[in-house]
Amino acid sequence: MRVLLVENIHPDAVASFEAVGAEVVSIERALDEDELIEQAAGVHLLGIRSKTNVTDRVLAELPDLLAIGAFCIGTNQIDVAAAQGRGVAVFNAPFSNTRSVVELALAEIIAMTRRLTEKDRGMHAGVWDKSATGLHEVRGRKLGIVGYGNIGTQLSVLAENLGMEVLFFDTADRLPLGNAKPLPTLESLLSQVDVVTLHVDGRKGNQDFFGDEQFALMKPGALFLNLSRGFVVDQEALRRRLESGHLSGAAIDVFPEEPKGRGDTFVSPLQGMPNVILTPHIGGSTEEAQQDIGRFVAGKLRDYTLHGSTSLSINFPQLATPEHEATRLVHIHRNTPGVLAAINGVLAEEKVNIDGQALGTRGDVGYVITDITARPTEQVVEALKRLPDTIRVRELKLG
């Protein structure tokens, strides 16, 4: 098994793969398309974070690739549909770094409400500015959460524990936690809250989601945070609202264009503004979160490769597979009627006895796991590969 990990993925992931005899190559920085195609030639498992894009072109050039692990929450950097069509499973870490993102958001809300960054700069410049003017407690202030998923809900609970009143808006129906109140429209939320924080996903429909029209609806003196995706916010519009004084501060952790590696040059229209906190996409970058992500995603990739388990895959039917002594045939196919019958027809013709079988479908793809007592002949495997709707066939030896 050959594994390529890029963007400085935690060493625990490397150890997890090496424990089962995999050959692992780690690269600290992100790769562009051509670099990725070159570096990943012959690789079976690919691990990335948010800055490396896995396009259909990349997938077409990597016929040996079995699975991709996004060692982060978002997967918009991967052409998930193309991966599914080529029989490549995709896994991510939907929960592992939520606490880290939430803690950064809370820290920035408190820092901006107390104007800590401005006081800090003054002190370093030798200016003693002891004054309560413009400084506030977060207790009693209204927090507006846009996107009430894993991060938004956890932020909701902790913010309420600090005494904040929590309102939220989400396009999906969400169960409010604690005393949080859902609002029917984004516009109704923006006009009521003292702090707006975005926690939306990376779907294409969220491109330019938040611009001048939305900033205009926010309360005068409100604070704005974006720890979700860089492309959802018009940063020029945000700068204008900050310069005019309509907004009193902002904290931004994600940007439309981000450097590929540590130490590279960064440019943003928000640089140099005293009431803006800029961080280099570190919402989920704590040692605890990265270690947890490394172990979690590596475990999913390893289980898929060795046992065929697709539990928590974002583009394959989810089948959790028991471990026992058997040979396992994994058949990935286009989701059309009659494929299971065709598979079993091949096995019956070759007099192969089935110990157990599971089928799952998801969108355009079907996934069949068949356990048999004896190792199949080469003719059986080739016959399965020749079935009209076959995408990929794998043979796994369990136990």
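Glu35 and Arg29 form a salt bridge in which the closest N and O atoms are 2.9 Å apart, a salt bridge being a side-chain nitrogen of Lys or Arg within 4 Å of a carboxyl oxygen of Asp or Glu. The structure, which is a predicted model in which local features need pLDDT of at least 70, side-chain atom pairs count only at pLDDT 80 or more, and totals for chains, interfaces and linings use all residues, holds 22 salt bridges. Residues are numbered from 1 along each chain as its sequence is written, and side-chain values use heavy atoms, with hydrogens and water left out.

**Salt bridges and exposure**

- Glu35 is partly exposed at a relative accessible area of 24%, and Arg29 is partly exposed at 37%, where buried means under 20% relative accessible area, exposed over 50%, and partly exposed in between (1.4 Å probe, protein chains only).
- Asp32 and Lys260 meet through their side chains in a salt bridge of 3.7 Å, N to O.
- Asp32 lies in the loop between strand 2 and helix 2 (33-39), and Lys260 in the loop between strand 11 (247-252) and strand 12 (276-278), so the pair ties together parts that are 228 residues apart in sequence.
- Asp32 has a relative accessible area of 31% and is partly exposed, and Lys260 is partly exposed with 38%.
- Glu395 forms a salt bridge with Arg375, with the closest N and O atoms 2.7 Å apart.
- This pair links distant parts of the chain, 20 residues apart, with Glu395 in strand 16 (residues 390-398) and Arg375 in the loop between strand 15 (365-372) and helix 13 (378-385).
- Glu395 counts as partly exposed at 33% relative accessibility, whereas Arg375 counts as exposed at 64%.

**The open sheet**

- An open sheet is formed by 5 strands in the order 2-1-3-4-5, with parallel pairing; two strands pair if DSSP finds at least two bridges between them, and helices (H or I, at least four residues) and strands (E, at least two) are DSSP runs numbered from the N terminus.
- Strand 2 (23-27) and strand 5 (89-91) are the edge strands, each pairing on one side only.
- Strand 3 (residues 45-48) runs parallel to strand 4 (residues 67-70), and 4 bridges join them.
- Gly47 stands opposite Gly69 in strand 4.

**A helix on the sheet**

- Helix 11 (residues 287-307) packs on the sheet and touches strand 3, strand 4 and strand 5, contact meaning heavy atoms within 4.5 Å.
- The direction of helix 11 makes about 170 degrees with that of strand 4, where axes are lines fitted to C-alpha atoms, for helices over the stretch in contact, and angles run from 0 to 180 degrees between N-to-C directions.
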